[in-house]
Structures are given as structure tokens and as C-alpha cells.
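Visitor: I would like to know what stands behind the words used for this model. Please take me through them.

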Amino acid sequence: MTAEGPRIRPAVPADAAALARAVVRNREYMKPWEPYRAERYYTVEGQAERLADGGVRWFAVDGDEITGVATLSGIVLGPLRSASLGYWIDPHHAGRGLATALVAEACRAAREDLGLHRVEAGTLLDNHASQRVLAKSGFTRIGTAPRLLHIDGAWRDHHLFQRLLHDDPPPA
């Protein structure tokens with residue numbers, strides 16, 4: 001990303017207020033793809049808790065505004081060395097390569113900083129835009145999980161994807 005446009009950077013605890021503004025701004029847009037969120041989720045306090053939940057996050061930022069997020073959660077070390085990836089982009093900033101840039105940074109850090117072997121992601125069956133981002137980012141579809149997550153009032157099927165980052169053995 002260029003200096004005059006959005007850039008990618010790691011999340012920090014001080015981002016709670018900006019993240020709260022971003023999730024409030026995108027609440028209706030994200031409803032078809034997100035699980036139900038309690039009202040606290042949309043507050044600064046809720047986002048501060050989220051930033052401290054053990055996940056690792058990167059933001060696409062434009063000035064002081066967060067325009068996209070990528071999160072590695074469920075990080076498992078040992079012989080599995082894996083994490084789950086989630087991401088979203090503000091619709092006013094879609095189509096600029098931000099999702100692909102966020103996924104690339106998450107995968108780079110998963111390998112280089114966290115020493116992970118694989119990253120997994122899931123999409124609703126009809127979320128073709130997200131599936132294109134994953135394909136461009138080196139993910140392959142590994143299956144379909146029936147009724148995986150409760151999204152927008154119903155249990156929804158998801159396509160599952162993974163990206164293998166390397167074939168080195170786990171550290172001793």
C-alpha cells in the first residue's frame with residue numbers, strides 16, 4: 001500500500017476506540033457474514049477486550065480510520081502449528097487489494113514470526129469475493145463443513161480452505 005492510501009500495520013491495544021468505530025460503521029454491512037454480537041462488542045471496552053483475547057491482528061488503516069482487519073485466532077503450537085484466519089474490509093475500501101494484502105501479511109507473520117505450518121479459513125458458500133481472495137493468496141479448498149457457524153439467524157455451511165506455509169519440522 002502506498003503512503004497516500006491505506007497501509008497495513010499490526011494492531012495495538014490503543015486501537016480499541018478506532019476499532020469500535022470501524023465495527024459500528026460496518027455493523028449492517030457485516031451482518032450476513034458475522035455471528036451475532038452482543039452490544040458490548042460495539043463499544044470501546046468490548047474492542048479492548050477483543051484486542052487482548054490472544055488473537056494476532058493487522059489493520060488496513062487510512063489516516064486514523066481502520067478500513068480492514070485480519071485476525072489469526074485459535075493459534076495452536078506443538079505438532080499442529082496452525083491458526084484460523086478471519087478478515088474483512090470496509091465496503092467503501094473494497095476492490096483495492098486490501099483483503100489480499102492483509103491475508104498476505106497474516107500468512108507472512110504466521111510463518112516468520114509465529115512459526116506456524118498452516119493457516120485455515122472458512123467462507124460462507126456464496127461469499128465468492130472472499131474465496132477469490134483466498135485463492136489469490138495461495139489457499140486451497142479442503143472441504144465443506146455443514147452448519148459450521150450460526151450466522152445471521154441460522155446455522156450456515158462453510159467452505160474450508162488452508163494454506164500450507166512450509167514443510168519444515170516443528171522446532172525442537
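Guide: Alanine 60 stands opposite glycine 68 in S3. The model is a predicted one.

Visitor: How do you know that S2 and S3 pair?

Guide: Pairing requires at least two bridges between two strands. S2 and S3 are joined by seven bridges and run antiparallel, so they meet the definition of a pair. They form a hairpin with two residues between them, and glycine 63 in the turn has a positive phi of about 65 degrees.

Visitor: How many bridges are there between S3 and S4?

Guide: Seven bridges, again in the antiparallel sense. Serine 73 has serine 84 of S4 as its bridge partner. This hairpin has five residues between its strands, with glycine 78 in the turn at a positive phi of about 70 degrees.

Visitor: What is noted about the phi of arginine 81?

Guide: Arginine 81 has a positive phi, about 50 degrees, although it is not a glycine. It is found in the loop between strand S3 (65-76) and strand S4 (82-89).

Visitor: Which residues of helix H3 are buried?

Guide: In H3 (residues 44-51), they are Gly46, Gln47, Arg50 and Leu51. They lie on the same side of H3, because they cover an arc of only 135 degrees around the axis. Their cover includes helix H1 (16-25), strand S2 (56-62), S3 and S4.

Visitor: What makes a set of residues a nonpolar core?

Guide: The members must be buried residues of the nonpolar kinds, joined through side-chain atoms within 4.5 Å. The largest such core here has 24 residues, and Leu72, Leu85, Tyr87 and Phe139 have the most contacts inside it. S2, S3, S4, helix H4 (98-112), strand S5 (118-124) and helix H5 (128-136) each supply at least two of its residues. H4 gives the largest share, eight residues. Apart from this core lies another, of 14 residues, among them Ala16, Ala18, Leu51 and Phe59. In soluble globular proteins, nonpolar side chains tend to be buried together.

Visitor: Which residues does phenylalanine 139 touch?

Guide: Leaving out residues up to four places away in sequence, its contacts include Leu85, Val103, Cys107, Val119, Leu134 and Phe161. Among the others are Glu120, Gln162 and Arg163.

Visitor: How do you know whether the protein chain agrees with a compact globule?

Guide: For 172 residues, a compact globule would have a radius of gyration near 16 Å; the protein chain has 16 Å, so the two agree. Its C-alpha atoms fill a box of roughly 40 × 40 × 30 Å along the principal axes. Buried residues make up 41% of the 172 residues.

Visitor: What does the secondary structure of the protein chain come to?

Guide: Five helices and seven strands. From the N terminus on, the order is β-α-α-α-β-β-β-α-β-α-β-β.

Methods: Residues numbered from 1 in each chain as written. Predicted model: local features only at pLDDT ≥ 70, side-chain atom pairs only at ≥ 80, totals over all residues. Heavy atoms only, no water. Helix = DSSP H or I, 4+ residues; strand = E, 2+ residues; numbered from the N terminus. Buried < 20%, exposed > 50% of the residue type's maximum accessible area, 1.4 Å probe, protein only. Arc of directions from axis to C-beta. Contact = heavy atoms within 4.5 Å. Rg over C-alpha atoms; globule rule 2.2 N^0.38 Å.
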